[in-house]
Amino acid sequence: QVRVVESGGGLVQAGGSLRLSCTASGRDVSINTMGWYRQAPGKQRELVASITTGGGTNYADSVKGRFAISRDNAKNTVYLQMNSLKPEDTAVYYCNAYAIAHGVWVLKDYWGQGTQVTVSS
């Protein structure tokens with residue numbers, strides 16, 4: 001199994017910045033894509049940004065130019081730098097790792113517990 005742990009959420013005023021971190025760990029873990037998703041109250045979970053092992057990135061249109069995803073493959077850690085935050089960015093942010101782990105020798109999705117990001121106007 002793969003354990004995914006997020007950190008860095010909090011309360012910030014509109015226009016401010018936050019940085020989220022997420023580390024995946026486990027026995028014989030090999031991670032493919034890592035990403036950040038978010039879910040606001042009453043809405044479906046949506047992709048915010050993802051990054052491949054090679055550094056290829058994908059962003060939701062709503063965050064392009066404001067958010068930046070990066071990754072440290074040696075540490076199995078992904079970061080999300082969020083700038084120019086807006087009230088509509090308020091949501092629970094979940095980290096995802098698409099990985100293979102010992103005993104589960106196929107790629108599958110692993111999720112963190114989520115971290116709350118609240119942007120006040």
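So, N76: buried, exposed or partly exposed? It counts as partly exposed, because its relative accessibility is 22%, and the cut-off for buried is under 20%. Keep in mind that this is a predicted model. N76 sits in the loop between β7, residues 67-72, and β8. Leaving out residues up to four places away in sequence, N76 touches C22, T23, A24, V29, I31 and M34. And look across to A97: N76 and A97 are 21 residues apart in sequence, but their C-alphas are 9.2 Å apart in space.

Now the strands around there. β8, residues 77-82, runs antiparallel to β3, and six bridges join them.

Okay, next up is R71, over in strand β7. This one is an arginine that is buried and yet has no salt bridge. The nearest side chain of opposite charge is D72, and that's 8.1 Å away. What does the R71 side chain reach at 2.7 Å? The backbone oxygen of N32. A polar atom of the R71 side chain also lies 3.3 Å from the backbone oxygen of I31. As for contacts beyond four places in sequence, R71 touches a list of residues including T33, M34, I51, T77 and V78.

On to the charge pairs. The count comes to five salt bridges. Take R38 and D89: their closest N and O atoms are 3.0 Å apart. That pair links distant parts of the chain, with R38 in strand β4, residues 30-39, and D89 in the loop between β8 and β9, 51 residues apart. R38 and D89 are both buried. And salt bridges with shared partners tie R38, E46, R66 and D89 into one network.

Then there's R27 with D28, where the closest N and O atoms are 3.9 Å apart. R27 counts as exposed because its relative accessibility is 58%, while D28, at 47%, is partly exposed. Finally, D61 forms a salt bridge with K64 at 3.1 Å between the closest N and O atoms, and D61 is exposed, at 65% relative accessibility.

That's my tour, so let's open it up.

Definitions and conventions: Residues are numbered from 1 along each chain as its sequence is written. This is a predicted model: local features need pLDDT of at least 70, side-chain atom pairs count only at pLDDT 80 or more; totals for chains, interfaces and linings use all residues. Side-chain values use heavy atoms; hydrogens and water are left out. Two strands pair if DSSP finds at least two bridges between them. Helices (H or I, at least four residues) and strands (E, at least two) are DSSP runs, numbered from the N terminus. Buried means under 20% relative accessible area, exposed over 50%, partly exposed in between (1.4 Å probe, protein chains only). Contact means heavy atoms within 4.5 Å. Lys and Arg count as positive and Asp and Glu as negative; His and the chain ends are not counted. A salt bridge is a side-chain nitrogen of Lys or Arg within 4 Å of a carboxyl oxygen of Asp or Glu. A polar contact is a pair of N or O atoms within 3.5 Å; within protein, one must be able to donate a hydrogen and the other to accept it, and residues adjacent in sequence count only if both atoms are side-chain atoms.
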